[in-house]
Amino acid sequence: MPDKPLIVAENLNHYFGEGTLRKQILFEVSTTFHPGEIVILTGPSGSGKTTFLTLAGALRSVQEGSMRVLDLELNGAAPSSLVAIRKNIGFIFQAHNLIDSLTARANIQMSLPLHGPISKKDADARATEILEAVGLGHRMDYYPSHLSGGQKQRVAIARALVGKPKIILADEPTAALDKKSGREVVELLQGLARQQGVTILLVTHDNRILDIADRILTLEDGRISTFARGLTANAGQMLNSLASLNRRGMLAKEIRDLNPKKFVEVLQESTNELENLLRTLDMARKHLSETMLNQVLQAATEKIAELLQADRATLFIVDRVNQKLHSKVALHAGDE
């Protein structure tokens, strides 16, 4: 991976409002993004993720600090320079923002003149090529009203990629999609971006797609922290909530009151969360020693048992999960 980053933020501060209503959203944010990298930016609502994304995309003026994109300093840059930068960036949002009166092909064609002069013949060929690449060759002349949510988002991805950008900025691209469609969309985005050597910065709350990232950053109260720190904070919050329910005698009651169908749903959701944890540990294996990981897993097992006042069945489940996690640790340790 080339050393020279495409996006560099240094001591970035940002504010909303004026006078006594002025509120700081970003605090001394410093980070870099390199060519070909897929970086996920996560964190609670209101932590500044979308603000950072719009600053990196030259959609919002930089107030304090430095934001360099493709070697251009955005703080104080001329409007014409910002327009030139945006031509090298593909934007994907939660809302697909397609024009309902245009076909999928026409929605893509109309974005091409933004990247420079192009003939109608070439625009048609480019739109056809990118729609085939995203698996919508058979839906080119369909209107948005006749496309599924996942297909509309594929068109939005095609529109972002058709100009061959160097950077893709995606804000909650899977939020309105079901699990299957969301997974297909991010894997498609990942594959096409890899082929074209594009840098992706993806803001999301969707923990089902964390495994596509090369790096995960967490924004907490407007400050960048490591993913490990964010994961620890979220786990601590969850454990504290469980402990509070348990102290009030509500945890066992809530479990007993579940009807069979709901209980199966809860078990399935828990299984999905454990799979997400396994994927997270898989990503972290290069950054954590085997000893450290074992210590964390042991502590987590003991804490879960303590909080749930686990009976034999619960301890058996926890033990099986622990064995599975440890087997992954051993497997990766052998790979190092």
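How many salt bridges does the count come to by this rule? The count comes to six, where a salt bridge is a side-chain nitrogen of Lys or Arg within 4 Å of a carboxyl oxygen of Asp or Glu. The legends below describe a predicted model, in which local features need pLDDT of at least 70 and side-chain atom pairs count only at pLDDT 80 or more, whereas totals for chains, interfaces and linings use all residues. Residues are numbered from 1 along each chain as its sequence is written, and side-chain values use heavy atoms, with hydrogens and water left out.

**View 1. The largest nonpolar core, of 38 residues.** A nonpolar core is a set of buried Ala, Val, Leu, Ile, Met, Phe, Trp, Tyr and Cys residues joined through side-chain atoms within 4.5 Å, with buried meaning under 20% relative accessible area, exposed over 50% and partly exposed in between (1.4 Å probe, protein chains only). The residues with the most contacts inside this core are Ile40, Ile108, Leu131, Val155 and Leu202. Among the elements that give two or more residues to the core are strand 3 (38-42), helix 4 (120-133), helix 5 (149-161) and helix 6 (179-196), and helix 6 supplies the largest share, six residues. Helices (H or I, at least four residues) and strands (E, at least two) are DSSP runs, numbered from the N terminus.

**View 2. The surroundings of valine 155.** Leaving aside residues up to four places away in sequence, valine 155 touches Leu98, Ala104, Ile108, Leu131, Leu136 and Leu147, a contact being heavy atoms within 4.5 Å. A second, separate core of 30 residues includes Val29, Val69, Leu74 and Leu217.

**View 3. The salt bridge between aspartate 71 and lysine 4.** The closest N and O atoms of this pair are 3.0 Å apart. The pair links distant parts of the chain, 67 residues apart, with aspartate 71 in the loop between strand 4 (64-69) and strand 5 (72-73) and lysine 4 in the segment before strand 1 (7-16). Aspartate 71 counts as partly exposed because its relative accessibility is 46%, while lysine 4, at 54%, counts as exposed.

**View 4. The network of Arg105, Asp124 and Asp141, joined by salt bridges that share partners.** Arginine 105 pairs with aspartate 124, the closest N and O atoms being 3.4 Å apart; arginine 105 lies in helix 3 and aspartate 124 in helix 4, so this pair ties together parts that are 19 residues apart in sequence. Arginine 105 also forms a salt bridge with aspartate 141, with closest N and O atoms 3.0 Å apart. At 16% relative accessibility, arginine 105 counts as buried.
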